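Reader: I would like to work through this structure by asking about its features one at a time. May we begin with the model itself?

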Amino acid sequence: MEAQMHINTLMANMFRLGLLDEQFQNLHIFQAKSAPDFIAKVIAIFGKEGGQIIDELGEMLHKPCVDFNNVSALLYDLMGISASVGALRVKNICIQFLEFCREKSIDG
């Protein structure tokens with residue numbers, strides 16, 4: 001019971017800080033008693049795929065000639081998976097990053 005209270009407090013703080021949105025709450029609807037690790041698995045997939053995308057973005061941005069179309073495509077992928085788990089801050093950063101891509105701003 002104490003662990004659940006700690007998790008609830010942590011989640012409330014993450015919502016308050018704008019890290020998560022209502023989509024994260026929607027994941028709880030799909031978590032059945034027969035699959036208590038559903039959310040953990042979804043978050044693990046997000047972490048793995050998100051990490052791979054971020055690694056690819058890093059490689060692309062360190063090239064002498066940045067292909068902003070490919071960078072944008074990866075950002076849309078990252079934005080999609082972040083939205084699916086309610087990672088609001090990641091989604092918002094992707095939106096800002098896409099604006100820099102439209103401007104073709106490597107500094108941005």
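This is a predicted model: local features need pLDDT of at least 70, side-chain atom pairs count only at pLDDT 80 or more; totals for chains, interfaces and linings use all residues.

Reader: How many helices and strands does the protein have?
Author: Helices (H or I, at least four residues) and strands (E, at least two) are DSSP runs, numbered from the N terminus. Read along the sequence, the pattern is α-α-α-α-α. The count is therefore five helices and zero strands.

Reader: What is the radius of gyration of the protein, and why is the protein described as more spread out than a compact globule?
Author: The radius is taken over C-alpha atoms, and the globule rule is 2.2 Å times the number of residues to the power 0.38. For 108 residues the rule gives 13 Å, and the protein is well over this value, so it is more spread out than a compact globule. The C-alpha atoms fill a box of roughly 55 × 25 × 20 Å along the principal axes. The radius of gyration is 16 Å.

Reader: What percentage of the 108 residues count as buried?
Author: Buried means under 20% relative accessible area, exposed over 50%, and partly exposed in between (1.4 Å probe, protein chains only). By this division, the buried share of the 108 residues is 26%.

Reader: How many salt bridges are there?
Author: A salt bridge is a side-chain nitrogen of Lys or Arg within 4 Å of a carboxyl oxygen of Asp or Glu. One of them joins Asp-37 and Lys-41, with 3.6 Å from N to O. Another joins Arg-102 and Glu-99, with 3.1 Å from N to O. The count comes to two.

Reader: Which helix holds both Arg-102 and Glu-99?
Author: Arg-102 counts as exposed at 54% relative accessibility, whereas Glu-99 counts as partly exposed at 38%. The two residues are three apart, about one turn of the helix, and both lie in α5 (residues 88–103).

Reader: Which residues does Gln-23 touch, not counting residues up to four places away in sequence?
Author: Gln-23 lies in helix α2 (residues 22–30) and is partly exposed, with a relative accessible area of 26%. Contact means heavy atoms within 4.5 Å. Gln-23 touches Ala-83, Ser-84, Val-85 and Gly-86.

Reader: How far apart in space are Gln-23 and Phe-68, C-alpha to C-alpha?
Author: In sequence, Gln-23 and Phe-68 are 45 residues apart. In space, their C-alpha atoms are separated by 29 Å.

Reader: How far apart in space are Asn-92 and Gln-25, C-alpha to C-alpha?
Author: Asn-92 is in helix α5 and is partly exposed, with a relative accessible area of 35%. Asn-92 and Gln-25 are 67 residues apart in sequence, and their C-alpha distance is 18 Å.

Technical notes: Residues are numbered from 1 along each chain as its sequence is written. Side-chain values use heavy atoms; hydrogens and water are left out.
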